[in-house]
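Dear colleague,

Please find below the structure that I am handing over to you.

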Amino acid sequence: MAEITPKKFLTLDPFAYRQFDDESKSGNRIVGCTKEQFETKINEIYINLRKEKEKLMVDGYASFCKHIFVPNFTETKASFIKITKENRSKIKSDYVARREGELPVLKRWFPRDEVNVTKAKFLDIILYSREQLNKENKAGNKDFVPDKNASPWGIVSVKPQDVDFELPMEPITMMRNALPDISEGGSGVHLCKKDYEAATKFW
């Protein structure tokens, strides 16, 4: 009898592919495994952790967003470092859109080869519900047809970091998420002033 492969609970959304495929990505590019290897491993970890923890998923900035924090099983380095007098001059900036059709926003970063960054201790796996992903895909492509057999959660981003809890979202990402038009990169989620002010202090 053929072995039945269990349905994956978590799958990489195409939005996250850039973290694996884009070699020019300065920030949180995932190294040390392919997309397929990553997806298989994170599902294995999820199944094992679910046996140990009652509440594995942590609430995110909206009802459709969740986080799972796992030890870093890749060779990926941390996605940020502290800005100092010594490295400040190495900061680059540009207007960046994460995908076609999205409004570009001003971003800043350190080129990977100009700063010393250590391997991250944890990965923050950021998830969107299938319902939200279908909504966003439909907004960007009128011909989009939802897959009824798709996993209930999609991985939209992976943040390599040294702590197993959510760090403040970048202020510009908060502002973009507050846009009402999904096709332009927004989620229609009201911007929380308190969270925004905390983010500006962190970043």
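Two strands are counted as paired if DSSP finds at least two bridges between them. The model is a predicted one. In it, seven bridges join strand β3, residues 65–71, to strand β6, residues 122–129, and the two run antiparallel. Within this pairing, His67 has Ile126 of β6 as its bridge partner.

Both strands belong to an open sheet of five strands with mixed pairing, in the order β1-β7-β6-β3-β2. At the edges of the sheet are β1 (10–12) and β2 (58–59), each of which pairs on one side only.

Two helices lie across this sheet. Helix α2, residues 35–52, lies across β1, β3, β6 and β7 (153–161), and runs at about 160 degrees to β1. Helix α3, residues 130–140, lies across β1, β6 and β7, and its direction is at about 70 degrees to β6.

The structure holds nine aromatic pairs. In one of them, the ring centres of Phe64 and Tyr128 are 5.0 Å apart and the planes stand at 75 degrees, so the pair is edge-to-face; planes over 60 degrees apart count as such. The pair links distant parts of the chain, since Phe64 sits in the loop between β2 and β3 and Tyr128 in strand β6, 64 residues apart.

Helix α5 provides the largest share, three residues. By class, the lining of this pocket has 11 nonpolar, three polar and two charged residues.

With kind regards

Terms used:
Residues numbered from 1 in each chain as written. Predicted model: local features only at pLDDT ≥ 70, side-chain atom pairs only at ≥ 80, totals over all residues. Heavy atoms only, no water. Helix = DSSP H or I, 4+ residues; strand = E, 2+ residues; numbered from the N terminus. Contact = heavy atoms within 4.5 Å. Axes fitted to C-alpha atoms, helices over the stretch in contact; angles between N-to-C directions. Nonpolar A, V, L, I, M, F, W, Y, C, P; charged D, E, K, R; others polar. Phe/Tyr/Trp six-rings, centres within 6.5 Å; stacked < 30°, edge-to-face > 60°.
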